[in-house]
Amino acid sequence: MRRKHVLSLLMLSMGVALLIAATTVGVASSANAKVSSAKSLKGGVLHVAQSAGSFDTLDPGLAYVTNDWEVLYSTGLNLVNFPNKAGQAGSQLFPEAAKSFPTISKNGTTVTFHLRSGLKFDDGSPVTAASYQRAWERILSPKMYAQYGIFDQLNKMVVGAQAFTDGKTQHISGISAKGLTLTFHLTKPNPTFVSILGMQWFNAVKPSMKYSKVSSGILKYPSAGPYYIATNQPGRTVVLKRNKYYHGPRLANPNEIVINSYPNSNGEAALLQIEKNQLDFDMGGVPADDVAKVAKTYGGPNKGQFHVGGQACIIWEAFNNAKAPTNNVNVRKALNYAIGRTPIIRLLGPYAGSASDQILVKGLPGYKKFSAYGNYPNFAKAKAVGGSALNGAPALNIYYNQASTFRTNEAQFEKAQLAHIGLTANLEPSNPTDYYGPLETKGTDYNIAHSGWCADYFDPFDFINVNFDGRSIQPTGNVDYFYFNNSKFNSMMDHAASLSGTARANAYAALDKTLMTKYAPAFPLYVPTFRYLTAKRVKNVIYSNYFGYPILNAMSVG
Amino acid sequence: MSVRVDTPDAVGLSVGDAPSEPEAVKARGYWELIWIRLRRDKIALVSFGFIVFLFASAFAGAPLAAHLLGHGPNTQFGYGVSYPSYVPVGPWTYVSKAPYYGVPHPGRYGHTLFIFGGADQLGRDLFLRILYGAQVSLEVGIFATVGSVTIGVLMGLLGGYFRGWIDTIVSRMIEIVMVFPYLLFIIALRIVAGNALNKITLGFLPSGVFTLALIFTAFGWFYPARIMRGVVLSLREKEFVEAARMTGASDWRIMRSHLLPHLMAPIIVYSTILVAQNILGEAGLSFLGLGVGADVPSWGNLLQQAPSYYQTDVWILLFPGFAILFTTIAFNLLGDGLRDAFDPRSTI
Amino acid sequence: MVQFLIRRIFWAFFLFFVATIITYIIFFVIPTDPAQIACGVHCVPAILKQVRHSLHLDLPIYQQYWIFVWNMVKHQSLGYSFVNGASVRWVIGQDAPVTASLVFGGAVFWLALSIPIGILSALRPRSIVDRFAMVFVLVGISAPAVWIGLILAYLIGFKLGWTPIAGYCNLLPGGAAGTCSGPAEWAYHLILPWMTFMFLFAALYVRLIRANVMETMTEDYVRTARAKGASAQRVLFQHVLRNSMLPVVTILGMDIGLALGGAVFTETVFQLRGLGSDLVQSAFKDDLPVVVGVVVFATLAVIVFNFLVDVAYAWLDPRIRLNT
């Protein structure tokens, strides 16, 4: 998933066959099931601000940005879900709506879930297998506003999904829902299928939930998680109220969660309010320029009210591999040497993240740290690698978000770095909302664009195959906005995806390294963090690496 | 923000303030008189001196300073920002020329001096950026003023001289633009159409200057048009126009040779004040991120950084702000001085 | 008077329609493709077609405009945001109170300052007060709005810590939970924005009032009143102020458009979510319906205010309605 904030790593045990993966995670779950929120933590209204942002949508069939998912996690009920636990334990999926992890046929293509009985939406109606069938149809339907499911190649995973996406059938033939039994027929064995179901797209929805043709989707709808959306004023206020029918293991501490969005604010006002205990938490985090001061006041990160949490994301500068001069691999490598990662991170203030020059992030199977280009600018090396490709190269177009101080500074910094190796650049301000729109249109004229990727689920497929498979390139809506298409690399990716266990991990580790050292389709920059302050009265702050936020329903103001 | 300039005494030239017996007095004498009056006005002279100084600093001083200091306005120094405080260095600081912060032995790369103002958030010389920023402000100010006054004078001449349906169209247009919340419109238009226009540089302008000049022209012509129309309306009834018409002079010739010279006083006074308004306009739009290109040093762009940094580095707020303030004050005072000089009621 | 009213009403309607035509054409015709913008991040051709149809972009431009006007008149609807689907009318309803608080509160501030200073400096030309007022005027008209706001935020909000440097609270108590509200908090948060307005506009008004008062003092009826032996106070309040304040009322009405423009900067600096800052944000996001909605609404506000001022002025001063 994409940008804004970040998703972090779930440790899906390295190299497990589907069944084994299921069992391991299953163990984690049975322990969680007994945890219930202590009475003393319950009650009160949690006041949340969201500075410098707002929710694109809270419709699970459309949401694809981390802040949307943060809310959906508190309202949704998934077959498998993340527990309210800190650290690694928090990224181990457990069967929530499902009685247990699914049974899988010998050939690995039939996956069967049995749902718990008595699960209910906040309107009192039962959650059945059809609720999840509908969730799949909503993420893949051509009648929906956007088809993010295709990004993650869901249409290729389940039998009949492609025909459904093409509008040829009314339902996905490979998903059958009978009462509380849900069966998926997969096109081929898929070691990551269960973890995919942990995405917030697969919140239980009423089988009658309509398709939505507007970008904000359906504003209010019955949900089956610990909370439901009681108020949803787009761009302003969201109020979550406790779902009295939810009896699962996840916490539901505050009576109510009120989230006010302030897209026009840089977070200064919210910060002052948190310090005065008038506000509990800001989803926009601490403004970059205040981090140093705040860290000092509260005794450093994670010592009290000031927190720094990791995220399962890689922020990169995308290169357009289809446009000169970044269509030349030597130029791309030279840029990887010349720009420098640490100086850019510095622009974000202290504790902003750690430099990285690889695509995979820590916690993913196959992640093996390497440093191919270094974190500081190296102009001599850049010139040597770039060689004649740098001479007389056309000016590069740097896309940036003009509404962001950081992005504007970053773009100017990059332009200056490029000048050191004899390249010129144009700064091209871009639309912050439809930032990806122009990038994803084939023939786009950008050369360098700030973007990134966060884990949808914890498998390297989600980072490498999803982003760098050139065969997926279409006229518009390209997830491969690098326009990187290498037939040799494509077949290597196919091979890696078919493997499981250690072989899969090793194959992806090799792919990660090959991609960056041989092709350098992008300029990986850093793995970001979320820096935030909580009010004095807030207890039970459980940070989720996966969502990149503290869990709202777990925070206690009671 | 732009400020209303049509209050009666802002321009202060009521109809007929122009020389009343121009045929009797030689043109040279008229200008001489104005010069004598202006020379007595110390404040106006100081302002004029400041403006001359500003032009010199912007177009000659800036490159010279960059040459002497050995770095340009866009050169970024890693050591221009100190860590771990993340605060840009202050005035009169020697900064290592090392390519990035954290390089081993930064001293061996030599040092460069940041004289006034210190650095900005990217380790660039704030003083040099302010000097170069004057170029942008003056360019936008002058071009937009020339544009809007030219159109305004033309419209005012046409409407005031021909009257009838031409005047109806001109004055209705003026009235429509005047009820328009044009500043909101400028902002919206700047974003919708600006990025395409920014590519037009005419070979020497920084990115965005042309766009701003065009937009300020498009929305700035109606005040001068209104003033000029009023002056022309009264002048066209004067005897000398009647006389010219009787000698068979064409309309065009009457407008050019007989009316236009009488408009010089309001044109000059109004233009001077308008330059100040346009400089403020550039600063305002650039502050919103809608002005000139992000890396072009301009006073508005510099001010844009201020909200993020003024709590730690107040220079970023003060320097560009005072640069704008002094410049607009100088233009406003010169405008006042010129108005007094042109005004025959102020006796020698 | 009736004839005058009818004429002004017609003119107001005409202005409004011309303004909407200009706005509509510029914003919906100039950009490459509003459907592409509306279609959003993952636009596939099939959906693009649907969006184009639902926005009526497949119709000729005059029909599009007609639908736009019809929706505005019949349903008081200005369309829906491309970005989050919110009704533009609702967005304006949310933002307008903030901008109104800012502009009208600001007007009270700048009048409260400029009327006494303007009068004092007119009564005592070249006195200390007058000279001080002239410097104030000069700085007020010469300084950038954002800079004044930032300087105030720095000095009063940050250095002295007397006021908040950002944020808005609802005037009426008991707004949405988690937001501050109540008249005290409202005013407390708006002090700096109001002061910014005061600086910018007071300058113009001091100059205007000073000039008007000075001119009125030389009028015959003032001399007559004085000659009759009326006290200085009586002359000032009964004759001079009454007549010299009349133009101020007109200018105040005309300044609403200018103030709305100034609100953009003040709202941005103090992070208030009003019409101005939402216009900037929406324009950044190519959210055309909101941009057009705010511009149209602001135009309407300016026209209505000008109309009211015209009528009030005509009522106060009969010469106007006879001449126009």
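Axes here are lines fitted to C-alpha atoms, for helices over the stretch in contact, and angles run from 0 to 180 degrees between N-to-C directions. Helices (H or I, at least four residues) and strands (E, at least two) are DSSP runs, numbered from the N terminus.

This is a predicted model, in which local features need pLDDT of at least 70 and side-chain atom pairs count only at pLDDT 80 or more, while totals for chains, interfaces and linings use all residues. Residues are numbered from 1 along each chain as its sequence is written, and chains are lettered from A and ligands numbered from 1 in the order in which they are written.

**Confidence**

The model has an ipTM of 0.85 and a pTM of 0.85. pLDDT is the predictor's confidence in each residue, from 0 to 100. For chain C the average pLDDT is 83, and 92% of the residues score at least 70. Among the elements of chain C, the lowest mean pLDDT, 60, belongs to helix H14 (residues 318-323), and the highest, 91, to H5(C). Where pLDDT is low, the predicted coordinates should not be read in detail.

**Chain C**

Chain C contains 14 helices and 0 strands. Its C-alpha atoms fill a box of roughly 85 × 55 × 35 Å along the principal axes.

Helix H5 (residues 88-123) of chain C and H8(C) have axes that come within 5 Å and cross at roughly 40°. The crossing of H5(C) past H8(C) is right-handed; a crossing is left-handed if the near helix is turned anticlockwise from the far one by less than a right angle, and right-handed if clockwise. In the contact of H5(C) with H8(C) there are 23 nonpolar, 6 polar and 1 charged residues. For these classes, Ala, Val, Leu, Ile, Met, Phe, Trp, Tyr, Cys and Pro count as nonpolar, Asp, Glu, Lys and Arg as charged, and the others, Gly among them, as polar.

Chain C is divided into domain 1 (2-75) and domain 2 (95-321), with bounds that come from an automatic or database domain assignment. The C-alpha centres of the two domains of chain C are 33 Å apart. Their contact takes 15 residues from domain 1 and 14 residues from domain 2 of chain C, where two residues are in contact if their C-beta atoms, placed from the backbone, lie within 7 Å. On the side of domain 1 of chain C that touches domain 2, the elements giving two or more residues are H1 and helix H2 (34-39) of chain C. H1(C) supplies the largest share of that side, 12 residues.

**Contacts between chains**

Chain C places 46 residues in contact with 38 residues of chain B. Several helices of chain C each supply at least two residues to its side of this contact, among them helix H1 (2-29), helix H8 (183-217) and helix H13 (288-316). The largest share of that side, 10 residues, comes from H11(C). Between chains B and A, 20 residues of chain B are in contact with 23 residues of chain A.

| Contacting side | Nonpolar | Polar | Charged |
|---|---|---|---|
| Chain B, touching chain A | 8 residues | 11 residues | 1 residue |
| Domain 1 of chain C, touching domain 2 of chain C | 12 residues | 2 residues | 1 residue |

**A helix pair in chain B**

In chain B, the axes of helix H4 (residues 126-162) and helix H7 (residues 209-220) come within 8 Å and cross at roughly 35°. H4(B) and H7(B) cross in the right-handed sense. Residues of H4(B) that meet H7(B) include B:Val136, B:Phe143 and B:Ile151, and those of H7(B) include B:Leu212 and B:Phe216. By class, this contact of H4(B) with H7(B) has 9 nonpolar, 4 polar and 1 charged residues.

**Strands of chain A**

In chain A, 4 strands form an open sheet in the order E4-E5-E7-E6, with antiparallel pairing. Strands pair if DSSP finds at least two bridges between them. The edge strands of chain A, each pairing on one side only, are strand E4 (103-104) and strand E6 (175-178). E6(A) is joined to the antiparallel strand E7 (residues 181-185) of chain A by 4 bridges, and A:Ile175 has A:Phe184 in E7(A) as its bridge partner. Helix H3 (residues 129-140) of chain A packs on the sheet and touches E6 and E7 of chain A, its direction making about 155° with that of E6(A).

Strand E8 (residues 227-233) and strand E9 (residues 237-242) of chain A pair in the antiparallel sense over 6 bridges. E8(A) and E9(A) form a hairpin with 3 residues between them, and A:Gly235 in the turn has a positive phi of about 75°. The bridge partner of A:Tyr228 in E9(A) is A:Lys241.
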